[in-house]
Amino acid sequence: MKSISLTGLLLAGFATGIPAQHHAVVAWGGDQNGEVSTAPDGNGFAFITSGDIHGFAIRFDGSLSGWGDDSFGQISGAPQTGGFYHVAAGTAHSLALRA
């Protein structure tokens, strides 16, 4: 098993994700709506959050990356511009703070 260094942890909904030592998103748990299998690949994530059936991460460049259920546009409706420093995922909505 690979050892990881936790820099942040948020427990909510049915799936949980943590940024690992290379700032990659690692997800596990229920995956009925892509909460785990569609989590973003790569490195460079500064913050993550999870709702009931979707998640969001902020990259170090301030851009958003969302995954999971998008039934109410909680992912596809996210602004494509950067400059974000905090994001929250609800049941059927998401919110973000821009600098």
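This is a predicted model: local features need pLDDT of at least 70, side-chain atom pairs count only at pLDDT 80 or more; totals for chains, interfaces and linings use all residues.
Residues are numbered from 1 along each chain as its sequence is written, and side-chain values use heavy atoms, with hydrogens and water left out.

Reader: What secondary structure does the chain have, and what pattern does it follow?
Author: Helices (H or I, at least four residues) and strands (E, at least two) are DSSP runs, numbered from the N terminus. On that basis there are zero helices and seven strands. Along the sequence, the pattern reads β-β-β-β-β-β-β.

Reader: Is His54 buried or exposed?
Author: His54 sits in strand E4, residues 54-59. Buried means under 20% relative accessible area, exposed over 50%, partly exposed in between (1.4 Å probe, protein chains only). His54 has 3% relative accessibility, so it counts as buried.

Reader: Which side chain does His54 join in a polar contact?
Author: A polar contact is a pair of N or O atoms within 3.5 Å; within protein, one must be able to donate a hydrogen and the other to accept it, and residues adjacent in sequence count only if both atoms are side-chain atoms. At 2.8 Å, the partner of the His54 side chain is that of Ser94.

Reader: Which residue in E7 stands opposite His86?
Author: Two strands pair if DSSP finds at least two bridges between them. E6 (residues 84-89) and E7 (residues 94-98) run antiparallel over five bridges, and they form a hairpin with four residues between them. Opposite His86 stands Leu97.
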